[in-house]
Amino acid sequence: MSVESKWQEIQTNIAEACNSCGRDLKEITVVAVTKYVTVERAREALAAGIIDLGENRMTGFLEKYEAIGDDARWHFIGSLQSRKVKEIIREVDYIHSLDRKSLAKEINKRAESPVSCYVQVNVSGEESKHGLALDEVEEFIEWLKDYPNVHVVGLMTMAPHVDDEEMLRGTFRKLRAMRDRIRDKHYPHAPCKELSMGMSNDYKLAIEEGATCIRLGSSLVG
Ligand SMILES: *Cc1c(COP(=O)(O)O)cnc(C)c1O
């Protein structure tokens, strides 16, 4: 199916999810995750009117960026090795995977201006997942105040791969509660208004629980 027609279907679903909880469609940013697909398919997403593209690996990111350039807004959503930061720091618009002090220091050092970052949280505590534990998040974000090139726009999580709706909602609610706590501190370096949560299998629930950024791969571009 073309990206165009998948995108229409997804927009309908997003509108329904927004309706069901009284949210405004405009609050939701959709990142097309192009990690499984070719540059051509990524271009199709742009042609369909999607401007946010996401990649989770360095090689995929650089390959797509070199082909497409600044026509898109670029999200790095995968785990990021500190020594690789310099390879993407000029190209990237959002980093969704800030999860440790060494990475923050490297971003701060390599960036020439503040970089929009999401702090990644491992809400469910699964060993296979990256991210800070919920109870580490506040201290970490406070610590970031001395690193002016790290600008915390929000929190990000990957929910467990389950069909259990209550478990998914619980995960999203915990992230949202933490987002609210940090946002309400009004830190200049960490406005923390955004919630990057929801993927192909759970984005409707994520929207109902407050997501402002959803990351869609398989359901949107294949
Ligand atoms: C792959 C990936 C996605 C998209 O996954 P789908 O289930 O294909 O929508 C979203 N976020 C992250 C961090 C990913 O690695």
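I started with the largest pocket: 22 residues line it, and K35, N56, I77, M158 and M199 lie nearest its centre. This is a predicted model, where local features need pLDDT of at least 70 and side-chain atom pairs count only at pLDDT 80 or more, while totals for chains, interfaces and linings use all residues. Residues are numbered from 1 along each chain as its sequence is written, and side-chain values use heavy atoms, with hydrogens and water left out.

I then looked up the volume of the largest pocket, which is about 420 Å³ (the space filled by probe spheres set on the points, joined across faces, edges and corners). By class, I get 11 polar, seven nonpolar and four charged residues in its lining (Ala, Val, Leu, Ile, Met, Phe, Trp, Tyr, Cys and Pro are nonpolar, Asp, Glu, Lys and Arg charged, the others, Gly among them, polar).

Next I checked the second largest pocket, with about 250 Å³ of space. It has 13 lining residues, and W7, Q11, I28, T29 and V30 are the closest to its centre. Its lining counts eight nonpolar, three polar and two charged residues.

Technical notes:
On a 1 Å grid over the protein atoms alone, a cavity is a set of points where a 1.4 Å probe fits but cannot get out, and a pocket is an open set with protein on both sides within 12 Å along at least five of seven lines; lining residues have an atom within 4 Å of a point.
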